[in-house]
Amino acid sequence: AQIVLNTPTSSVKPVISYFLDNPEYDSNLFISADAAKQVVDENTALVIVDVSSVDRLDAPDLLNQTKMVVVIDHHRQNGRSVEAPVLSYIEPYASSACEMVAEILQYIGDNVKLRPEEADALYAGMVIDTNNFLNGTGVRTFEAAAFLRKSGADITRVRLKLRDDRGKFLARAEAVSKAEIEDGYAYAVCPTEGIESPTEVGAEAANELLNMDGINASFVFTRLNDQIFISARSIDKLNVQLVMERLGGGGHGSIAGAQLTGATIDEAVSRVKETIKDMKAKGEI
């Protein structure tokens with residue numbers, strides 16, 4: 001098996017370090033999309049994880065090189081779906097794709113044994129997607145977490161891998177401290193200067209804002225190049241997925257996002273506010 005990965009983000013790099021220079025894994029475990037095109041043929045099984053829209057794939061060209069496509073995703077379908085996969089397992093009520101994979105592993109057979117680094121990676125994915133098991137969890141989420149713990153996932157080890165550097169910590173704190181609160185919704189701008197992955201910080205800041213009493217939903221805006229990235233989070237009173245879909249994005253009821261091209265931060269904030277106002281007027285929220 002090989003994993004197609006073009007540009008690892010700062011949150012993924014600590015998990016990738018488990019597998020690099022590890023004698024238990026091939027040195028070419030992670031390959032670029034260009035390298036993948038050279039090895040994929042009609043008999044290759046292409047497993048697409050955590051996304052089901054062709055428009056959001058990291059390497060969409062690979063779809064044309066194989067007939068064996070599997071989709072495992074926990075987002076509601078939005079956009080151009082992968083055509084005719086041999087298996088499409090899409091479960092919007094799952095907390096994360098990692099939860100779904102952990103479930104599959106439990107029932108696939110006793111001969112499948114996870115290594116500790118693999119269990120750590122899956123557990124870390126669940127921690128990130130659920131914001132430390134606070135958002136979108138169900139009975140199955142904790143059953144999957146228990147399975148990963150039995151398989152060798154170490155909570156302390158995962159926590160050490162997921163810690164932030166000082167720059168990200170301060171940027172997140174600045175976004176939270178300067179947030180605008182209006183009708184139970186928080187709007188904040190994430191600083192980007194000197195931050196390796198500002199969109200990740202924006203998502204973390206959106207999670208943090210939900211810890212403030214009286215906040216029903218949070219929207220954090222991050223400028224990256226010529227795009228505005230919106231991270232939307234809620235607890236239970238607003239389906240942020242519906243709001244983000246209005247802006248061309250998507251996600252989950254409590255975790256969603258969108259990208260706007262050619263807009264300023266102020267324009268992006270106004271568009272979100274107007275969208276919420278319009279949806280309320282129409283009784284959609």
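In which sense do E9 and E11 pair, and over how many bridges? Keep that in mind as you open the structure, which is a predicted model.

**Stop 1**

Select strands E9 (227-234) and E11 (255-261). E9 and E11 run antiparallel to each other, and their pairing covers 7 bridges. For one example, click on Ile228: its bridge partner in E11 is Leu260.

**Stop 1: the largest nonpolar core**

In soluble globular proteins, nonpolar side chains tend to be buried together. To see a case here, select Tyr187, Phe219, Phe221, Ile230, Met244 and Val272 and show their side chains. Within the largest nonpolar core, which has 23 residues, these six touch the most other members. Strands E7, E8, E9 and E11 and helices H9 (240-246) and H10 (265-281) each give two or more residues to this core. Which of them gives the largest share? That's H10, with 6 residues.

Stay with Tyr187 for a moment. Beyond its close sequence neighbours (those within four places), Tyr187 is in contact with Phe219 and Phe221, and also with Val269, Val272, Lys273 and Ile276, among others.

There's also a second, separate core of 22 residues; Ala102, Leu105, Leu114 and Ala145 are among them.

**Stop 2: a pair of helices**

Select H4 (residues 116-130) and H5 (residues 139-150). Their axes come within 9 Å and cross at roughly 150°. Angles over 145 degrees count as roughly antiparallel, so that is how H4 sits relative to H5. The crossing of H4 past H5 is left-handed.

Want to see where they touch? On the H4 side, show Ala119, Leu122, Tyr123, Met126 and Thr130. On the H5 side, show Thr141, Ala144, Ala145, Leu148 and Arg149. You've met Ala145 already, in the second core.

**Stop 3: a serine in a loop**

Finally, go to the loop between E10 and E11 and click on Ser254. Is Ser254 buried or exposed? Its relative accessible area is 13%, and buried means under 20%, so Ser254 counts as buried. Leaving out residues up to four places away in sequence, Ser254 touches Asn135, Gly136, Ala232, Arg233, Ser234 and Val240.

Terms used. Residues numbered from 1 in each chain as written. Predicted model: local features only at pLDDT ≥ 70, side-chain atom pairs only at ≥ 80, totals over all residues. Heavy atoms only, no water. Core = buried A, V, L, I, M, F, W, Y, C linked by side-chain atoms within 4.5 Å. Buried < 20%, exposed > 50% of the residue type's maximum accessible area, 1.4 Å probe, protein only. Helix = DSSP H or I, 4+ residues; strand = E, 2+ residues; numbered from the N terminus. Contact = heavy atoms within 4.5 Å. Pairing = 2+ DSSP bridges. Axes fitted to C-alpha atoms, helices over the stretch in contact; angles between N-to-C directions. Parallel < 35°, antiparallel > 145°, perpendicular 65-115°, else oblique. Left-handed = near helix turned anticlockwise from the far one by under 90°.
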